[in-house]
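Visitor: I am new to this structure. Please take one part and give me a close look at it.

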Amino acid sequence: AGGVVVETTLNYKWQQAAEAKINEALDRYGKWQTFQQAALVALDPRTGCIKAMVGGRDFGNNQFNRVTQAQRQPGSTFKTFVYTTAIAAGFSPYKSYLDSEYMVDGYQPKNYRDKYRHREVSLYDALAASINIVALRTLIDVGWEPTIEIAKKMGIQSELIPTYSLALGAWEVNLLELTNAYATLANQGVYQPGYGIQRIRDRH
């Protein structure tokens with residue numbers, strides 16, 4: 001009786017801009033890149049307040065929220081957690097690894113377009129250039145469990161399996177937790193869980 005008032009953290013102008021940008025991206029790139037949906041989330045790293053969230057186009061016909069419900073391989077965006085773990089373990093950003101063909105226990109990833117520098121590359125440069133081989137070598141040195149622990153502390157909540165392919169983002173996460181984890185970096189390493197409901201009031 002009396003109803004309820006739900007107050008969200010959304011910024012109305014940001015939300016409108018986000019919806020327009022999703023529609024623009026789908027119209028411009030969707031057909032030739034063969035995708036029909038997209039998602040976007042923006043949050044304040046200092047507080048975790050979600051300022052804009054678009055879970056896909058046409059919510060009236062499809063209530064599947066791709067920000068919170070769609071699990072996708074993060075790919076190279078996961079390398080950030082490998083390198084963050086390395087820095088936390090005391091590695092120098094200028095520690096280097098050989099960038100060349102590499103196999104470990106039968107697992108042999110490749111660099112983008114199968115290109116290798118065939119020389120030592122620093123963590124700093126490897127992150128900037130998204131070099132798969134160096135990310136894997138770094139993961140092997142820092143370990144699976146510490147990397148998973150750091151990713152969890154930063155905001156990843158989905159299950160992460162200790163495999164070599166972890167370095168290259170093989171295990172699925174959702175967009176909100178990935179964005180939230182990157183926000184932890186922006187917030188000087190302090191994790192603020194993302195949330196969208198500020199307050200719910202009834203007649204009392």
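Guide: Start with a stop on the way. Asp-58 has a relative accessibility of 42%, so it counts as partly exposed, since exposed needs over 50%. Asp-58 lies in the loop between β3 (50-54) and α2. Its phi is positive, about 65°, although Asp-58 is not a glycine. Keep in mind that this is a predicted model.

Helix α4 covers residues 132-142. Nine of its eleven residues are buried, so the helix is largely enclosed by the rest of the structure. Which residues of α4 are buried? They are Asn-132, Ile-133, Val-134, Ala-135, Leu-136, Arg-137, Thr-138, Leu-139 and Val-142. Buried here means under 20% relative accessible area.

What covers these buried residues? The cover includes three helices, α2 (79-88), α3 (123-129) and α5 (144-154). It also includes the strands β4 (96-99) and β5 (119-122).

Take α2 from that list. The axes of α2 and α4 come within 9 Å and cross at roughly 45°. That angle makes α2 oblique to α4. The crossing is left-handed. On the α2 side, the contact is made by Lys-79, Val-82, Tyr-83, Thr-85 and Ala-86. On the α4 side, Asn-132, Val-134, Ala-135, Thr-138, Leu-139 and Val-142 take part. By class, the contact of α2 with α4 has seven nonpolar, three polar and one charged residues. In an α-helix there are 3.6 residues a turn, so residues three or four places apart point the same way.

Look next at the end of α4. Just after the helix comes Gly-143, with a positive phi of about 100°.

His-118 sits in the loop between β4 and β5. His-118 is not a glycine, yet its phi is positive, about 55°. At 52% relative accessibility, His-118 counts as exposed.

Last, the aromatic rings. The count comes to six aromatic pairs. One of them joins Tyr-29 and Trp-32: the ring centres are 6.3 Å apart and the planes stand at 65°, so the pair is edge-to-face. Tyr-29 is partly exposed at 33% relative accessibility, and Trp-32 is exposed, with a relative accessible area of 60%. Ring pairs also link Phe-78, Phe-81 and Tyr-182 into a cluster.

Terms used
Residues numbered from 1 in each chain as written. Predicted model: local features only at pLDDT ≥ 70, side-chain atom pairs only at ≥ 80, totals over all residues. Heavy atoms only, no water. Buried < 20%, exposed > 50% of the residue type's maximum accessible area, 1.4 Å probe, protein only. Helix = DSSP H or I, 4+ residues; strand = E, 2+ residues; numbered from the N terminus. Contact = heavy atoms within 4.5 Å. Axes fitted to C-alpha atoms, helices over the stretch in contact; angles between N-to-C directions. Parallel < 35°, antiparallel > 145°, perpendicular 65-115°, else oblique. Left-handed = near helix turned anticlockwise from the far one by under 90°. Nonpolar A, V, L, I, M, F, W, Y, C, P; charged D, E, K, R; others polar. Phe/Tyr/Trp six-rings, centres within 6.5 Å; stacked < 30°, edge-to-face > 60°.
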